[in-house]
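Here is a brisk report on one chain, for a reader who works with models.

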Amino acid sequence: MKKDQEIEQQSIDQLERLNLILDSSYEGWWDWDVETNRTYHSKVWWKLLGYEEDKYQSESSFENWSEKLHPEDRDRVIWLQEMYARYDEPWSIDFRMRKNGGAYIWVRSRGKVVLRDEYGQPKRMVGTHIDITSERTAHEQLEASKFELELIKGITHVSPVGYNVYDFLKHKVVFATSKTKEIIGLSDKQIYGLGLDDIQKLVHKADRRKLHNHTLKLQKSRDNEVLTCTLRIKLKEGKYRWINLVDSVFKRDEKGKPIQLIGATLDITQSMEIERQLKLALSFLDKISYVSAHDVRGPVATILGLINILKKENFDPQTAKNVIGYMENTIKKLDSVIHELNERYSVVDKKGKK
């Protein structure tokens, strides 16, 4: 009898120690009598869901527990529990449960069948619940960040714009997309570690002062201020390429001094060439418009004057014939001027299309 009492006391002590361990680890435990369908939950279990143990323990059952499952998780969780109940190995399931008040938390439930009947059917299952909402939130944020990173990689891959990061403390480029390398014409090894002095050497001599001023403005720029700069860089083969820089400081020290800037680089050589040709064409048109106006006005004024003379004076047939002949020659001259203008405009049009 004494031995039985000692065994019973040891069991009580072990149970108390287990409760203390689980309570200190913020894990709530549960005990499900499958035959009676009654469930028992620890204080921590009820606390996780925002309930008072004494108030709801008497109503605790498998149905009451399953009603608290998130509608999107309910069928999956019950199916998994039924499947795991066929085996004796411990199992673990993550799902959402409704707290007192309506909010949902993520729970990780671990359990095990500890007693079966003579037919092998589960009679008793025990396990623990732990709140993993923070873990799931962090995981979802991580997955979202991974997706955004992959999306950014995809965008930069197809974008005609190159992106780079320059570190003012390290005095070098610390990041550059493949498009940036392609536009500037440098390899990975060449572009990483590129300092301002190295960049200046790549820039056309006439544009180096412009880049210097652009850098000074960036160092004095405000938060979220975006600055642009258009200049030429020299490629390996000796040719120059027009690029447009769009830069902004995105990281500063505690005193507000710039640490890193993010930049976008765009090849605008083609658009600059089109602009050059357009300016050339407009200049050409300005010149020929002056000459053309002078060349056309003379013959037109002559013709109008002769017409007025014919209207007002009574000429003998021979004089009239001479006047008409002069008019005819003037009209031919005017036609020649118009033909020449057509040829000039045709040349301008061909230059614009090259």
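## A contact at His129

The side chains of His129 and Trp45 are joined by a polar contact of 2.6 Å. A polar contact is a pair of N or O atoms within 3.5 Å; within protein, one must be able to donate a hydrogen and the other to accept it, and residues adjacent in sequence count only if both atoms are side-chain atoms. This is a predicted model, in which local features need pLDDT of at least 70 and side-chain atom pairs count only at pLDDT 80 or more, while totals for chains, interfaces and linings use all residues. Residues are numbered from 1 along each chain as its sequence is written, and side-chain values use heavy atoms, with hydrogens and water left out.

His129 sits in strand β5, residues 122-131. Helices (H or I, at least four residues) and strands (E, at least two) are DSSP runs, numbered from the N terminus. Is His129 buried or exposed? His129 is buried, because its relative accessible area is 3%. Buried means under 20% relative accessible area, exposed over 50%, and partly exposed in between (1.4 Å probe, protein chains only). Beyond its neighbours within four places in sequence, His129 is in contact with residues including Tyr26, Glu27, Trp30, Trp45, Trp65, Phe95 and Arg108. Contact means heavy atoms within 4.5 Å.

## Aromatic residues

The structure holds 9 aromatic pairs. One of them is Trp45 with Trp46, an edge-to-face pair at 5.1 Å centre to centre with 80 degrees between the planes. Rings of Phe, Tyr and Trp (its six-membered ring) pair if their centres lie within 6.5 Å; planes under 30 degrees apart count as stacked, over 60 as edge-to-face and the rest as tilted. Trp45 and Trp46 are both buried. Trp32, Phe62, Trp65 and Phe95 make up one aromatic cluster.

On a 1 Å grid over the protein atoms alone, a cavity is a set of points where a 1.4 Å probe fits but cannot get out; lining residues have an atom within 4 Å of a point. Grid points are joined across faces, edges and corners, and a volume is the space filled by probe spheres set on the points. The count is 3 cavities of 30 Å³ or more.

The second largest cavity has about 100 Å³. His129 and Trp45 are among its lining residues, as are Trp30, Trp32, Thr39, His41, Phe62, Trp65, Gln81 and Ser109. At least two lining residues each come from β1 (28-33), β2 (38-41) and α4 (62-67). By class, the lining has 5 nonpolar, 5 polar and no charged residues. Ala, Val, Leu, Ile, Met, Phe, Trp, Tyr, Cys and Pro count as nonpolar, Asp, Glu, Lys and Arg as charged, and the others, Gly among them, as polar.

## The largest cavity and Leu245

The largest cavity holds about 380 Å³. Its lining has 23 residues; Asn164, Ile199, Leu211, Leu245 and Asp247 lie nearest its centre.

Leu245 lies in strand β9. Leu245 counts as buried because its relative accessibility is 13%. Leaving out residues up to four places away in sequence, Leu245 touches Leu211, Leu227, Thr228, Cys229, Leu231, Ala264 and Thr265.

## An open pocket

A pocket is an open set with protein on both sides within 12 Å along at least five of seven lines. The second largest pocket holds about 190 Å³. It is lined by 13 residues, and Trp32, Gln81, Glu82, Ala85 and Pro122 lie nearest its centre. The largest share, 3 residues, comes from α5. The pocket lining has 7 nonpolar, 3 polar and 3 charged residues.

## Loops and the whole chain

Asn37 is not a glycine, yet has a positive phi of about 65 degrees. Asn37 lies in the loop between β1 and β2. His171 also has a positive phi, near 60 degrees. His171 is in the loop between β6 and β7 (172-176). With a relative accessible area of 55%, His171 is exposed.

The chain has 12 helices and 10 strands. Of its 354 residues, 32% count as buried. Among contacts between residues at least 6 apart in sequence, 45% join residues at least 24 apart.
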